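These are my notebook entries on a structure that I had not examined before. I set down what I looked up, entry by entry.

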Amino acid sequence: MSDGSPHPAPAPAAPSPTAARSAVVVGGGLAGITAALALADAGIRVTLLEGRPRLGGLAFSFQRGELTVDNGQHVYLRCCTAYRWFLDRIQGAALAPLQDRLDVPVVDVAKPVGRRLGRLRRDPLPVPLHLGRSLAAYPHLSLAERAAVGRAALALKGLDLADPTLDSQDFGSWLAAHGQSARAIEALWDLVGVATLNAVAGDASLGLAAMVFKTGLLSDPGAADIGWARVPLGELHDRLARKALDSAGVRTEVRTRVTSVSTNDNGGWTVRVPGETLSADAVVLAVPQREAHDLLPPGALDAPERLLEIGTAPILNVHVVYDRKVLARPFLAALGTPVQWVFDRTDASGLLKGGPEGPSNKGGGGRRAGQYLALSQSAAQDEIDMPVAELRERYLPELERLIPGTRAAEVKDFFVTRERTATFAPAPGVGRLRPGARTKAPGLYLAGAWTATGWPATMESAVRSGVSAADAVLGTLGRPRPRHLFEFEEAA
């Protein structure tokens, strides 16, 4: 009951940690998709902005006639626990399965016929015995070179990845100092390293190389088992990712280029796109380092110019469609030839799905005959701008040397895709240039494979960066971390 006396006005309520909070994620590659999903799962209202007409960043698909073409071949390893979480989150894991056990055919075309094939595969034994039999029988190295590889692997296993001095050294010099011949570097270390680092050993940071080999080959027996998409990458990184974002309540806008990011008078952020201004409590810049540099407000980083010092490295992909099946294996690695890795993309591209048959297009059951091979050429600085006609003259004869079945086959199509800035360059010293997720501007965060994830520029690094950025946002906004988001850390 009131006593009739006046009551003081209630004090303003403090913002509730459960009050609606909002975030804008700029960039719809794997880093941005991950950050958006993680934030939405924690109850944040998220808008995802992407300048391209599709999601997926540099891991995407496009149409070429009736073919669905990936811009490049992307693989992951069993140790890529963050990317595996991502596949589970978008319900795509079954479409990109892992090998039961690491098995890589390695063909050396410089050797006589019948002695060209070697294999890198693991046994169900503990580390490092899981690779012992494979290395002992690896025909592309001498007995002395194989023994030296074992000693170098043990030395590599002993390196401390937290030692900052590793970043300033190059991997090639370290290998030479540990008894590795030029042949061993070519036939083993670069076989793996070029594909994962996008650089030859002499151009790669010892810190990043040690991380790759220690994590992939020397941590767990199954760590290096290879997985890849059996469907177009666009099915995973665009269609299924968009479906997951929609289900999580994320507003996703493509063909939407952000023109500026700035603070507003309310202590939040303003993001401008043509025709609209968005306000948010937090912003995640999940774009390439140069674009991030251009969008950063003054004072967000102590030395923003360092972002421009992070170099880039290209990847060239050569696509060849034959009129018949020429390769029985799903993929192979090559030595003694400019060709690096060859993948069979026939089923994923839709080449064998229906359609009329012609005289040279015979196949049972109404299916077209033919095979589509994709060559993934990393560290392709010398070839990235080479005209298609020259690339055709260079690679078709090499494929004939490498794969005998191509010699009698007709080439139905030959084309290339070029990613001139496919990855950041993993050069010595790059570690000091890679920023973390947090900036000095409260509420502004960075994501991207180029940020300080500890990994080279891979899909795994991109997803990890998105998780780190989301974690930082949630910490600032006082929101708990969704447990399922960090399950991959426990798996690791």
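**Entry 1: helix H1**

I began just past H1, where Gly43 adopts a positive phi of about 90°. The model is a predicted one, in which local features need pLDDT of at least 70, side-chain atom pairs count only at pLDDT 80 or more, and totals for chains, interfaces and linings use all residues. Residues are numbered from 1 along each chain as its sequence is written, and side-chain values use heavy atoms, with hydrogens and water left out.

H1 itself covers residues 30–41. I take helices and strands as DSSP runs (H or I of at least four residues for helices, E of at least two for strands), numbered from the N terminus. From first C-alpha to last, the twelve residues of H1 reach 16 Å, close to the 16 Å expected at 1.5 Å a residue; the expected span is 1.5 Å times one less than the number of residues.

I then asked how many of the twelve residues of H1 are buried. Eleven are, so H1 is largely enclosed by the rest of the structure. Buried means under 20% relative accessible area, exposed over 50%, and partly exposed in between, with a 1.4 Å probe and protein chains only. Among the buried residues are Leu30, Ile33, Leu37 and Ala40. Their cover includes strand S1 (22–26), strand S2 (45–49), helix H2 (81–89), helix H8 (233–248), strand S13 (282–285) and helix H13 (459–477).

**Entry 2: strand S13**

S13 is among the elements covering H1, and I followed it next. Ala282 and Val284 point one way from S13, Val283 and Leu285 point the other way, and all are buried. In a regular strand the side chains alternate between the two faces of the sheet.

S13 pairs with S1 in the parallel sense over four bridges; two strands pair if DSSP finds at least two bridges between them. In this pairing Val26 stands opposite Leu285. S13 also runs parallel to strand S19 (residues 444–446), joined to it by three bridges. There I found Val283 opposite Leu444.

**Entry 3: the seven-stranded sheet**

I traced an open sheet of seven strands, ordered S7-S6-S15-S16-S17-S14-S18, with mixed pairing. Its edges are strand S7 (117–121) and strand S18 (411–424), each of which pairs on one side only. Neighbouring strands are turned by 25° against each other on average, direction ignored. Such angles are taken between axes, which are lines fitted to C-alpha atoms (for helices over the stretch in contact), and run from 0 to 180 degrees between N-to-C directions.

Which residues of S7 form its covered face, and which its uncovered one? Gly118 and Leu120 are on the covered face, whereas Leu117, Arg119 and Arg121 are on the uncovered one.

Further along the sheet, strand S14 (residues 312–322) and strand S17 (residues 371–378) run antiparallel over eight bridges. Val318 there faces Leu375 of S17 as its opposite residue.

**Entry 4: helix H6**

H6 lies across strand S6 (103–108), S7, strand S15 (331–335), strand S16 (341–344) and S17, and runs at about 140° to S15. I noted that the 16 residues of H6 (182–197) leave its end C-alpha atoms only 18 Å apart, short of the 22 Å that a straight helix would reach. A kink of about 55° is centred on Asp190; the bend at a residue is the angle between axes fitted to the seven residues ending there and the seven starting there. Asp190 is also one of the buried residues of H6, a list including Leu188, Trp189 and Leu191. After H6 comes Asn198, with a positive phi near 65°.

**Entry 5: the chain as a whole**

I closed with the totals. The chain holds 14 helices and 19 strands, and buried residues make up 53% of its 492 residues. Among contacts (heavy atoms within 4.5 Å) between residues at least 6 apart in sequence, 69% join residues at least 24 apart. The C-alpha atoms fill a box of roughly 105 × 60 × 40 Å along the principal axes.
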